[in-house]
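Student: I would like a close look at one chain, taken by itself and then where it meets its partner. Please go through it step by step.

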Amino acid sequence: MATQIVMDHTGDTRHQFEPADAAAVTEAEARFKMLIGAGFTAAKRLDGGKSEVLRSFDSTAKETLFIPRLMGG
Amino acid sequence: MMFGFSTQSRRPSGSQPRRALGFREEYRGHLGSEEPGQNLLLQWLSPDQVEQYDLCLYFDVVGSATGTRYRIRRGTALNIEQLAADGCVTRRWCFAPEGTFRTGDIMLAQKIALETFELDALAIANHDGPRGGFPHRQPDGLPRREGQAGRRHIDESCWLVLAFACFGTVVWLFYNIVF
């Protein structure tokens with residue numbers, strides 16, 4: 001089961017999908033594109049506390065975090 | 001813009017006015033519990049970072065482009081410290097996701113940004129300048145020595161003036177007694 005975590009005002013919203021389910025993957029990819037288009041940054045969690053920014057949808061990513069656009073504080 | 005709603009801290013905050021604390025609690029109540037944000041943050045930290053965060057309420061990250069070490073303190077405003085090789089703070093940075101988020105979410109966004117797209121993040125971040133007016137800290141989290149030195153300097157000046165006054169009084173008394 002793969003998870004897309006979207007940071008939002010309520011904390012985070014999680015969308016889970018089965019990578020073997022083509023329809024679910026298509027839906028997840030559409031969500032990915034929509035969020036990236038809205039200014040979110042997608043990061044894939046790697047082992048050992050590392051992460052990698054995703055420029056395109058990765059159906060193999062077990063956990064993808066979507067971070068809203070950053071701004072100076 | 002400052003992310004002024006500073007975060008929960010385990011440090012004593014006796015000097016803070018009750019009204020401010022009340023407002024903070026009210027605001028935090030509006031946001032809801034910090035726990036989900038902290039749990040998410042802990043899942044994304046490395047084991048070393050988890051240990052450090054558990055002990056000190058901060059964790060260190062290494063910038064992806066420059067290799068610079070940053071310390072992300074639990075907080076939401078100017079909570080990123082750029083560290084020199086000796087561990088002293090050289091600058092404080094501030095950036096966060098647009099909007100209102102839980103402390104853990106903000107810290108996680110800061111960690112990922114510095115570890116994966118450091119220069120882009122710093123390009124939009126604000127900082128206090130290399131010699132900003134914010135109290136610098138030593139690696140152990142205590143106020144830096146220069147602040148203490150400044151205070152000591154004032155104290156020493158007072159003692160010096162007092163010593164001169166005493167010396168003058170003694171000389172004057174001696175002069176009056178002898179002559």
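Student: What share of the contacts in chain A with a separation of 6 or more is accounted for by residues 24 or more positions apart?

Tutor: The model is predicted, and the answer for chain A is 41%. To see what chain A is built from, begin with its secondary structure, which comes to one helix and six strands. Read from the N terminus on, the order of these elements is β-β-α-β-β-β-β. Chain A has a radius of gyration of 12 Å, close to the 11 Å that the globule rule gives for 73 residues, so chain A is as compact as a globular protein of that length. Its C-alpha trace spans about 40 × 30 × 25 Å along the principal axes. As for burial, 25% of the 73 residues of chain A count as buried.

Now turn to the partner. The contact between the chains takes 18 residues from chain A and 33 residues from chain B. On the side of chain A that touches chain B, the elements giving two or more residues are strands S2 (11-17), S3 (41-45), S4 (51-54) and S6 (70-72) of chain A. Sorted by class, that side of chain A has seven nonpolar, seven polar and four charged residues.

Strand S6 of chain A deserves a separate word. S6(A) is joined by three bridges to strand S4 of chain B, residues 89-97, and the two run antiparallel. Within this pairing, A:Leu70 stands opposite B:Pro97 in S4(B).

Terms used
Residues numbered from 1 in each chain as written. Chains lettered and ligands numbered in written order. Predicted model: local features only at pLDDT ≥ 70, side-chain atom pairs only at ≥ 80, totals over all residues. Contact = placed C-beta atoms within 7 Å. Helix = DSSP H or I, 4+ residues; strand = E, 2+ residues; numbered from the N terminus. Nonpolar A, V, L, I, M, F, W, Y, C, P; charged D, E, K, R; others polar. Pairing = 2+ DSSP bridges. Rg over C-alpha atoms; globule rule 2.2 N^0.38 Å. Buried ≥ 20, exposed ≤ 12 C-beta atoms within 10 Å, placed from the backbone.
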